[in-house]
Amino acid sequence: MKRINRIYEITKNEGIIKMIKINTLFLASIVALFLTNASAEELETKALTSHLKCACGKKNGITETTFAMIKPEAVQAGTTGDIIKQIELNGFKIKDIIKKSLTREDAEQFYKEHKDKPFFRNLVTYMTSGPAILLALEKENAVSDWRKLMGSTDATKADVGTLRKMFGKSMQENAVHGSANLEDAKNELAFLALQMNALNHNIVKKI
Ligand code: CMP
């Protein structure tokens, strides 16, 4: 009888051990599942965070192209190189650049929004007085950053460190031009494309 009891005890213990083993395994799989889920969640959060960071980066710094011009009096004064140096030092990439004398029709077309202003005729005469440098500039926030770098329209009132302060003379002779906004940039870059085509056409004709 004792022997039977002993065998029963052993079998019972083995059963308990087996049960413990099974339960441990079960627990382990639940923990593993939990851990897997947690890390998936973690990954998802990381992905979302990096997406948000990416969107923020884009919001703060959309790469734009703006139109810029070095006006005839600044070209005449021999400051083209100095202005281009400032353009590059301030992080703008020059995508296109040409030197060209604008015709009266070009200048009238380019400044058509000012056609009713008292200074319009003088402005057209000034803008056709010699060659200008026409540029397409690329940078994050190029439109507003280029306007900041140019400074206020009236060169005599422009802030220290701006191009108009450094190279401009007056309200009219203010050394540089830049698009006012993205819509203007689109139109003025189209104007640049036309000027480049005309220039290429003239070069081909001369060859
Ligand atoms: P810009 O930024 O190229 O845009 C229009 C231009 O007209 C301006 O620079 C000046 O050269 C010129 N301009 C603007 N206001 C006046 C003004 N009151 N008198 C003379 N010229 C002006």
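Helix α6 is followed by Gly151, whose phi is positive, near 90°. The model is a predicted one: local features need pLDDT of at least 70, side-chain atom pairs count only at pLDDT 80 or more, and totals for chains, interfaces and linings use all residues. Residue numbers start from 1 along each chain as its sequence is written. Helices (H or I, at least four residues) and strands (E, at least two) are DSSP runs, numbered from the N terminus.

Stay with α6, residues 142-150. Its buried residues are Ala142, Val143, Trp146, Leu149 and Met150. They sit on the same side of α6, because they cover an arc of only 130° around the axis. That arc is taken from the directions from the helix axis to the C-beta atoms. Buried means that 20 or more other C-beta atoms lie within 10 Å of the residue's own; exposed means 12 or fewer, and partly exposed is in between, with C-beta atoms placed from the backbone.

What do the buried residues of α6 pack against? Their partners are β1 (63-70), β3 (132-140), α7 (163-167), β4 (176-178) and α8 (182-206). Contact here requires C-beta atoms, placed from the backbone, within 7 Å.

Now the sheet. It is open, has 4 strands in the order β2-β3-β1-β4, and pairs antiparallel. β2 (93-100) and β4 are the edge strands, each pairing on one side only. The twist averages 20° from one strand to the next. Two strands pair if DSSP finds at least two bridges between them. β1 and β4 run antiparallel and are joined by 3 bridges. In β4, Gly178 is the bridge partner of Ala68.

Two helices meet these strands. α6 lies across β1, β3 and β4, at about 35° to β1. α8 packs on the sheet and touches β1, β2 and β3; its direction makes about 60° with that of β1. Axes are lines fitted to C-alpha atoms, for helices over the stretch in contact, and angles run from 0 to 180 degrees between N-to-C directions.

Gly130 lies in the loop between α5 (120-127) and β3. Gly130 counts as partly exposed because it has 14 C-beta neighbours inside 10 Å. Beyond its neighbours within four places in sequence, Gly130 is in contact with Pro72, Val75, Gln76 and Ser101. Its C-alpha atom is separated by 7.7 Å from that of Glu73, 57 residues apart along the chain.

Last, the ligand. Around it are His114, Phe119, Leu123, Thr153, Met171, Gln172, Asn174 and His177. Each has its C-beta atom, placed from the backbone, within 6 Å of the ligand.
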